[in-house]
Amino acid sequence: MHPSAASKGLLSLLESPAHKSLFSKIDWRLIPLLLIAYMIAYLDRINIGYAQLQMKQTLPFDEAVYGLGAGIFFVGYFLFEVPSNLLLERIGARKTLLRIMLLWGLAATAMMFVSTPFQFYLVRFLLGVFEAGFFPGVILYFTYWYPSVRRGQVIATFMSATTIVSVIAGPLCGSILKYFDGAGGLHGWQWLFLVQGLPALILGVLVYVLLEDKPEQAAWLSKDEKALLAESFQHDEKDVESEPSGTFGQMLKDPKVYVLSFVYLLLLGATYTMVFWLPTLIQSWGIKDLFLVGVYAAIPNAAGVIGMILIGRHSDKWHERRWHYAACVGIAALGLLITTLLQGNLVGSILALSFAVIGIASATPLFFALTSEYLSTGAAAGGLALISSLGNLGPAISPTINGLIVRSTGDNIYSMYFVMALYLLSGLLLLLSVRPAPSARLAMA
C-alpha cells in the first residue's frame with residue numbers, strides 16, 4: 001500500500017511552509033476550544049458509569065434500570081441530530097453550538113436531582129436531545145476549514161477528547177464520589193453531576209464569542225491566507241470512492257449511507273458498552289476502592305490517547321482509511337479476548353485492555369474521516385448527522401442487552417464476547433461496502 005502520485009503531489013503541496021503555517025494557525029484557533037468542549041460533553045455523557053456505583057446504594061436502581069437509563073440518552077440524541085445539523089448549515093456553527101451547550105449543561109446538572117427511575121430516564125433522554133448535533137456539527141465545521149487529506153489527524157485530535165476524559169474521569173469521578181459524599185447534605189454522586197455539568201454553560205458562551213462560522217469571516221486570516229486555504233480545497237483528493245454529488249434528499253436514497261450507519265451503530269454499541277461497564281468490570285477484578293477503580297480505568301485510556309493521534313496521522317500520511325479502520329477494530333477485539341483470558345491477573349488485564357483501547361479509540365475518528373470524504377458537499381450536513389444519529393441507536397440498545405446478559409449469567413465474560421462480535425462485524429461490513437478511490441486502487445495495484 002503506497003500513496004498514489006497524485007496523493008504525493010497533494011501531500012507535498014500541503015507540507016509547504018506557507019500551508020504548514022496556515023493550518024497551524026487554524027489548528028490553534030479552533031481545536032483547543034472545541035477539544036475542551038467535547039471533553040465536557042463526553043464527561044457529562046459517561047460520568048453515569050461512575051455515579052451508578054453509588055446511586056445504586058441510595059436509589060431504587062438495579063443493573064437493568066441503569067442499563068436502560070444509560071442507553072436512553074441516545075434515543076433523544078437520535079431524534080434531534082439531523083435537524084440540529086441542518087439548522088447549523090442555515091444559521092451557522094456559533095449560534096448552534098451556543099444553544100446546544102447551554103441546554104446540555106442545564107440537563108447534566110439536573111441529574112443531581114433524580115430520585116426515581118422515571119426521573120432518571122427523563123433527564124438522560126433530555127440530555128441526549130439537548131446535546132444532539134454537537135459532534136456531527138463539529139465534524140461538519142471541520143470540513144469548512146480542512147481538506148480531506150488533513151482531516152484524519154484533525155478529527156483524531158478532536159476526538160482524543162473522549163480518551164483524555166476517560167483518563168481523568170476515573171480519578172476525578174472516583175475522588176468526588178469518595179471525598180464529597182455527605183458534604184452539604186448531598187451524596188457524592190450529586191456533587192459529581194453538579195461539578196461536571198456547569199462548565200458547559202461557560203464554554204458555550206466562549207465558543208460563540210471566539211469562533212467564526214466560515215473561513216471567509218475570519219478577521220484573523222489575511223487575504224492571502226484565505227486564498228491559500230481555497231487553493232488547498234481546489235487540489236483536494238479523496239481516498240475513498242465518493243457518492244455522486246447531490247442534495248440531502250438524494251442522499252437519503254443511497255443504500256450505502258445506511259450501511260455506513262449500521263457500521264457505526266455496531267462500533268458505537270460496542271464502544272459505549274465498554275465505556276459504561278468498564279468501572280464494573282474493574283470492580284469485578286477485586287478492586288473495591290472507588291478511587292482505585294478510577295485510577296486503573298485511566299491507564300488503558302492514556303494508551304488510547306497516544307494511539308489514536310498516531311494512527312490518525314499515519315492514515316493521513318498513507319491516504320488510506322478502510323484498512324486502518326479494520327485493523328483498529330481487530331485490535332480492539334483481540335485485546336478484549338486477551339483480557340477475558342487473563343481474568344484475575346490485574347497487571348495482565350490492564351495491559352490487554354490498554355491494547356484494546358488503542359484500537360477502540362482510533363476507530364471512530366477514522367470512520368468519520370472516511371465518511372466526510374464519501375459524502376458529497378451538498379449532502380454533508382444532513383449526511384454526517386444522519387449516519388451519526390442512526391449509529392447512536394447502537395448505544396441506546398447495547399447497554400441494555402449487556403445489562404441483561406450480566407444479570408442472567410452473572411459473568412462479565414459473556415458480555416465481552418458480545419462486544420468483540422460487534423467490533424469484528426463492524427470492520428468486515430466497512431471493507432465490503434466502501435471502495436477505495438480509483439487513484440488509491442491504482443496505488444495498491
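L334, L337, I338, L341, F355, Y414 and Y417 make a nonpolar surface patch of about 670 Å². The model is predicted: local features need pLDDT of at least 70, side-chain atom pairs count only at pLDDT 80 or more, and totals for chains, interfaces and linings use all residues. Residues are numbered from 1 along each chain as its sequence is written, and side-chain values use heavy atoms, without hydrogens or water.

Patch members have over 30% relative accessible area and no salt bridge, and nonpolar side chains (Val, Leu, Ile, Met, Phe, Trp, Tyr) are joined within 5 Å. A salt bridge puts a side-chain nitrogen of Lys or Arg within 4 Å of a carboxyl oxygen of Asp or Glu. Areas are Shrake-Rupley values with a 1.4 Å probe.

Helices α15 (322-341) and α19 (412-433) each supply at least two residues of the patch. The largest share, 4 residues, comes from α15. Helices are DSSP runs (H or I, at least four residues), numbered from the N terminus. I338 lies in α15. I338 is partly exposed at 33% relative accessibility; the class runs between buried (under 20%) and exposed (over 50%).

Now turn to α7. This helix spans residues 134-145, 12 residues in total. From first C-alpha to last, α7 reaches 17 Å, close to the expected 16 Å. The expected span is 1.5 Å times one less than the number of residues. In α7, 12 of the 12 residues are buried, so the helix is largely enclosed by the rest of the structure. Among them are F134, P136, Y141 and W145.

T116 sits in the loop between α5 (93-110) and α6 (117-131). T116 is partly exposed, at 31%. F61 is 55 residues from T116 in sequence, but their C-alpha atoms are 8.1 Å apart.

Conventions. Buried < 20%, exposed > 50% of the residue type's maximum accessible area, 1.4 Å probe, protein only. Patch = residues over 30% accessible without salt bridge, like charges linked within 9 Å, V, L, I, M, F, W, Y side chains within 5 Å.
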